[in-house]
Amino acid sequence: MEQSLKNQVALVTGASSGIGKGVAIFLAKAGAKVVVNYHSDEEGANDTIKQIKAIEGEGFAIKADVGDPDDVERMFDKIFKTYDNFDILVSNAGIQKDAPFEEMTLKDWNLVIQTNLTGAFICAQKAVKYFLKRGVVKDISKSAGKIVFMSSVHQEIPWAGHINYAAAKGGLTEFMRTLSQEVANKLIRVNSVAPGAIKTPINESVWKDEKKVKELLKLIPYNRLGEPEDVAEVVLWLASDKSEYVNGTTIFVDGGMTLYPGFIGNG
Ligand code: NAI
Ligand code: BGC
């Protein structure tokens, strides 16, 4: 693979499993030093680092709750102490706490917003402050810094029974666009990737059930579930100078899920 991220340092939040793990490994393959954030799955994070080292990559694992400003502060302090530069934030950590609206507890509403939306705010603010102070370093990248948020098709598709999650991803979209508008003139690039159904622990109750997979495939014109690598390819591109002129946009990686497949032969 081309070393498009050579000499760059990336932080991937929630990189102990699923999409975050895949992204961390892809960025490392492209030459970045990768900080692997995890919440509680230390073993998963260590495995990500092991896979990075196996390809002669570099990085370390660090525990932090993205929704806790003190944890995030400590995480960034460690990054700044360990490396001379910081270039890429992939704000990926996210959870689901599903329930019908009338049964959803305020606790589960708050937890999903805190992790999926406020967590993105806390991490992005730390990154932007650094990028603004540091500016562009020509030998590293054409941009002063890059942020990629992990959104979801549910920034666009309403999702009954998952109102906290859909609200967080919808909020994340306008957060991303506004932040990009605010910092693009400082050459900081901010974008989102919106995956469809990707086989990870977050939705294993669905993809481990044959009947549910059959139903789910009806929503995916391309007729297969996604893999973390499908998403990682796009994150890598957005983090690299190859996408230098791409600002404030969302790239859907969803096998066509957002194409209203219910209208095939219908309507
Ligand atoms: P996952 O459950 O494997 O990954 C989520 C990661 O976030 C885990 O590593 C978890 O430990 C971490 N995390 C949770 N709370 C955290 C916290 N407070 N602080 C730090 N880390 C925390 O599931 P997946 O699918 O890899 O999810 C990653 C992102 O992708 C999430 O934002 C999710 O909403 C998004 N996504 C996933 C899709 C899918 O079909 N798998 C589709 C669209 C979006
Ligand atoms: C959710 C997954 C779901 C996918 C498609 C994601 O945002 O986290 O559980 O399979 O959207 O609906």
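Good morning. I begin with strand pairing: strand β1, residues 9-12, and strand β4 run parallel and are joined by 3 bridges. One pairing to locate on your screens is that of A10, whose bridge partner in β4 is I88. Please bear in mind throughout that this is a predicted model.

Strand β4 also pairs with strand β5, residues 145-150; these two run parallel as well, with 4 bridges between them. Here L89 has I147 of β5 as its bridge partner. Between β4 and β5 the chain passes through helix α4, residues 106-134, in a β-α-β crossover that is right-handed.

Are the faces of strand β4 covered or open? Both are covered. Within residues 88-91, I88 and V90 lie on one side, L89 and S91 lie on the other, and these four residues are all buried.

I turn now to ligand 2. Which residues surround ligand 2? They are Q96, S152, H154, W159, Y165, G196, A197, I202, N203 and M257. By class, this shell comprises 5 nonpolar and 5 polar residues, with no charged residues.

For Y165, a side-chain N or O atom is 2.5 Å from an oxygen atom of ligand 2. For S152, the corresponding distance to an oxygen atom of the ligand is 2.6 Å. For N203, a polar side-chain atom lies 3.1 Å from an oxygen atom of ligand 2. Ligand 2 taken alone exposes 310 Å², of which the protein buries 89%. Thank you.

Technical notes. Residues numbered from 1 in each chain as written. Chains lettered and ligands numbered in written order. Predicted model: local features only at pLDDT ≥ 70, side-chain atom pairs only at ≥ 80, totals over all residues. Heavy atoms only, no water. Near = heavy atom within 4 Å. Polar contact = N/O pair within 3.5 Å; in protein donor to acceptor, adjacent residues only side chain to side chain. Areas by Shrake-Rupley, 256 points an atom, 1.4 Å probe, with all protein chains shown as cover. Nonpolar A, V, L, I, M, F, W, Y, C, P; charged D, E, K, R; others polar. Buried < 20%, exposed > 50% of the residue type's maximum accessible area, 1.4 Å probe, protein only. Pairing = 2+ DSSP bridges. Right-handed = clockwise from strand over helix to strand, strands pointing away.
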